[in-house]
Amino acid sequence: MHMRAWAKGFGILWVVLGLVLAGCGDDHKAESKEDSIALIKKRGVLRVGVFSDKPPFGFVDSKGQPAGFDVYIAKRMAKDLLGDEKKVEFIPVEAAARVEFLKSNKVDVIMANFTKTKEREAVVDFAKPYMKVALGVVSKNGEIKSIDDLKDKPLIVNKGTTADFYFSKNYPKVSLLKYDQNTETFLALKNNRGAALAHDNTLLFAWVKKNPEFKVGIPSLGDQDVIAPAVKKGDKVLLEWLNKEIDTLIKNGFIKEAYDATLKPVYGDEVDPKSVIFE
């Protein structure tokens, strides 16, 4: 009886200890989530994932420095969070890797022209949007004017983008040529590997300015979407800060300032800012 009582007591001790340890683990997880802003401040640098090959939103300028609309906004975020716009580390990402960079803690925030979709909302948390976007299709002389014009003709897209998902889901019979990088994608179009290229219309409007032999034959497909910063799923503290920051940057006119500095020189007066940004 004595041995049984001891064994029973020992078993209870392990159960209690297990519950305590489990509780500590939960506390540690909660703490790590709650401390995301504190960790960024301790590190002294905000790590932001941006494109390096998608002008005018994220690219490397002639001086070898990150530039573009998303970069302009991210610098202001670093200033408001850490007191200095230079306290930001820009990490180049490809479209298909944006979610993974958040999951693996390689970046704190994704600002790589990230369109908000239901599929992505399931794996990351989006802050409030700062931009509006729809899909467009560009082709030589704008000869592709409808989806029907793509019959038996390859369409070029970037892997993991809204264009990839949209055509795969809604027009599975359209043959897709997929590339990782924007430079590869647009080079493929120039080299006539595909009849047309589908991408964010905001990007295409800028691209055809420098490539006048091409035109946006289909300026808008599907519903209008929004572009927003994204954080790791469950990072409520950083998400709350970003929501307040985006609200502030829209209300105080900074998003319009970013547009005037980076997008207007490309778009000119042909694009209404209200169709692109939130004011």
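1. Strand β8, spanning residues 131–140, has nine of its ten residues buried, so this strand is largely enclosed by the rest of the structure; buried here means under 20% relative accessible area, exposed means over 50%, and partly exposed lies in between, with a 1.4 Å probe and protein chains only. Strands (E, at least two residues) and helices (H or I, at least four) are DSSP runs, numbered from the N terminus. The model is a predicted one, in which local features need pLDDT of at least 70 and side-chain atom pairs count only at pLDDT 80 or more, while totals for chains, interfaces and linings use all residues. Residues are numbered from 1 along each chain as its sequence is written, and side-chain values use heavy atoms, with hydrogens and water left out.

2. The pairing of β8 involves β12, to which it is joined by eight bridges in an antiparallel arrangement, and β11 (residues 196–200), to which five bridges join it, also antiparallel; two strands pair if DSSP finds at least two bridges between them. Lysine 140 has phenylalanine 214 as its bridge partner in β12, whereas valine 137 stands opposite alanine 198 in β11.

3. Elsewhere, three strands make up an open sheet with the order β2-β3-β4 and antiparallel pairing, in which β2 (53–54) and β4 (66–67) are the edge strands, each pairing on one side only. Strand β3 (residues 58–60) is joined to β4 by two bridges, and phenylalanine 59 has alanine 67 of β4 as its bridge partner.

4. The largest nonpolar core comprises 54 residues, and Leu46, Phe69, Ile73 and Tyr130 have the most contacts inside it; such a core is a set of buried Ala, Val, Leu, Ile, Met, Phe, Trp, Tyr and Cys residues joined through side-chain atoms within 4.5 Å. Helix α3 (residues 69–82) gives the most to this core, with eight residues. Apart from this core lies another, of 16 residues, among them Ile144, Phe167, Val174 and Ala198. Leaving aside neighbours within four places in sequence, tyrosine 130 is in contact with residues including Phe69, Ile73, Met111, Ile227, Ile255 and Phe278, where contact means heavy atoms within 4.5 Å.

5. Isoleucine 37, found in helix α2 (residues 36–43), is buried, with a relative accessible area of 11%. Beyond its neighbours within four places in sequence, isoleucine 37 is in contact with Leu81, Val237, Leu238 and Trp241. The C-alpha atoms of isoleucine 37 and tryptophan 241 are separated by 8.5 Å, although these residues are 204 residues apart along the chain.

6. The largest pocket has a volume of about 440 Å³. On a 1 Å grid over the protein atoms alone, a pocket is an open set of points with protein on both sides within 12 Å along at least five of seven lines, whereas a cavity is a set where a 1.4 Å probe fits but cannot get out, and lining residues have an atom within 4 Å of a point; grid points are joined across faces, edges and corners, and a volume is the space filled by probe spheres set on the points. The lining of the largest pocket has 15 residues, of which Thr117, Glu119, Thr162, Tyr166 and Asp225 lie nearest its centre. Helix α6 gives the most to this lining, with five residues.

7. Over the chain as a whole, there are eleven helices and 13 strands, and 44% of the 279 residues count as buried.
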